[in-house]
Amino acid sequence: MGMDKVLHTNIKIVNKLFLDGALTPSDLIGASLKKVIETKQFNAFITVSKNEAEKQAEASLQRFKSKQSKSDLDGVPIAVKDNFCTKDIKTTCASKMLENFSPPYNATVCQRLLDAGAVLVGKTNLDQFAMGSGTVDSIYGPTKNVWKCKADSNDFHIAGGSSGGSAVAVASGVCFGKKYWFNSFRAIGSDTGGSTRNPASYCGVVGLKPTYGLVSRHGLIPLVNSMDVPGILARNVDDVVSILNAVAGHDKQDSTCLTKPFKKIRLPPANKMGIKGLKIGIPIEYNCEYLSDEVLDMWDEIAQTLQNEGAIVKEVSMPHTQYSIVCYSVLNQCEVASNMARYDGIEYGYRADDDHSTEKLYAVSRRTAFNDIVKNRILTGNYFLLGRNYEKYFNQALKVRRLIMNDFDNVWEDAQLLLTPTTLTEAPLYSDFIQKTNRDQCAFQDFCTQPANMAGIPAVSVPIKLSKNGLPLSLQIMGRNLSEPMLLALAKYIEHLVQFPQYVNFKQK
Ligand SMILES: NC(=O)C[C@H](N)C(=O)O
């Protein structure tokens, strides 16, 4: 079978093949691990836990043989962003600070995946401590977007970030496992201001940011506690649902986790779905200064198509959207300043070879082991939190956050779901992205995604089409808290409608 005839497989199909004995978890893991080596040039993985993965696959095989498989995820390879703790497996946050840190426990998300029988294949690249939107600021080097990546060129399109390694693992991995082609990986990312949806958009995969508190943050190394959520990346919506069903639900180790029992989501087949009467809002403020014409046209086109399919599509206004980047930045930096204080060279991570005084040890450890972006956020965050500045910056930002949340509360009177772009453009070229290293440029990457984090609501990015340049363009759907079943149903409906290419033909020229 040629690469252009790759079958679109999802977790349910893989599970059926495992149950029928037509494929084994060990075959699939073997083929997926081979794929990691073949796609090394994209730099998606920091650590590949080959031995553990092979052992987990063997255990899964035994379960299938004895008809005791655990769930539809049993034997399915999953990659995890390197800011989730994995027991005895390095968890670096792509930083010198945690370069040699192996946690003594698993993050709840990882543990739940293992309990469901999934195979954790390795840890993926990110911007240092998940601060960034490009996966360009990692001590392991940038991750490259698989789309339009030429082996003979030093330049490439960025993967987006900060979960770029996870998105690229999902986008690059199509492997051959006995008779069938498979998507090699599904992946876990994190999302504080768009870090799952932004790379999903640039890499042409589906990326879900669940409702805050629906999925435990226990063991996710904190960036901004009031906004962080684990994210899910996969080639299709059904796979996102399968993974969400395994990881969501109360966890007593995370005091911010919702206590309401999680009801597993079941979506009907796409051809049995309808959107007649569904109220979809188009927030006009998302049509902002830097939105490319191509993304705007695609947004219009899909809104029109959904209307033709029976949805009630109408423009809505969310007037405080314009303040969201500044508000996010202040809150982010304040929480970062507080969170990063734990890295003092004594309790965790890198310790400088300087013990003249405790203060000196702290200072030299931090100066040596954080990059400029992390240092910048710590400094500005501490400035905003100074007694004399607290009211003016931190408290003011909290009030603006409330206004942004109110915009969402009000909009649900007119719309059940909102449709916006995910990113303002296609994936920028690395050479352009790093030249404009000013933080404004970076912040604009998250213009459409940050409001959902500030409001805590769920949002999903769905790939729609390729740009004239041949790069993925995506749209975002947002819904009210805990509206994942409706949100993902519309995502699946759109996915079926647009038939985005399910694989990248990255033949090297
Ligand atoms: N993890 C994220 O969502 C990070 C976001 N892009 C930021 O730089 O703050």
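A residue counts as buried here if 20 or more other C-beta atoms lie within 10 Å of its own. Keep that in mind for strand E2. One caution: this is a predicted model.

So, E2. The strand covers residues 77–81, and five of the five are buried, so E2 is largely enclosed by the rest of the structure. Look at the two faces. On one side sit Pro77, Ala79 and Lys81, all buried.

What does E2 pair with? Take strand E3, residues 119–124: five bridges join E2 to E3, and the two run parallel. Within that pairing, Ala79 stands opposite Gly122. Then there is strand E6, residues 186–191, joined to E2 by three bridges, also parallel. Here Ile78 has Arg186 as its bridge partner.

E2, helix H4 and E3 form a β-α-β unit, and the unit is right-handed. Helix H4 spans residues 108–115.

On to the core. The largest nonpolar core has 136 residues. Ile78, Leu113 and Leu120 are among the members that touch the most others. Val206 is another of them. Setting aside neighbours within four places in sequence, the contacts of Val206 include Leu233, Val237, Val240, Val460 and Ala491. Arg235 and Asn236 are among its contacts too.

Last, the ligand. How many residues surround the ligand? There are 14, and the closest are Ala130, Ser133, Thr192, Gly193 and Ser195. By type, the shell divides into nine polar, three nonpolar and two charged residues.

How values were computed. Residues numbered from 1 in each chain as written. Predicted model: local features only at pLDDT ≥ 70, side-chain atom pairs only at ≥ 80, totals over all residues. Buried ≥ 20, exposed ≤ 12 C-beta atoms within 10 Å, placed from the backbone. Helix = DSSP H or I, 4+ residues; strand = E, 2+ residues; numbered from the N terminus. Pairing = 2+ DSSP bridges. Right-handed = clockwise from strand over helix to strand, strands pointing away. Near = placed C-beta within 6 Å. Nonpolar A, V, L, I, M, F, W, Y, C, P; charged D, E, K, R; others polar. Core = buried A, V, L, I, M, F, W, Y, C linked by C-beta atoms within 7 Å. Contact = placed C-beta atoms within 7 Å.
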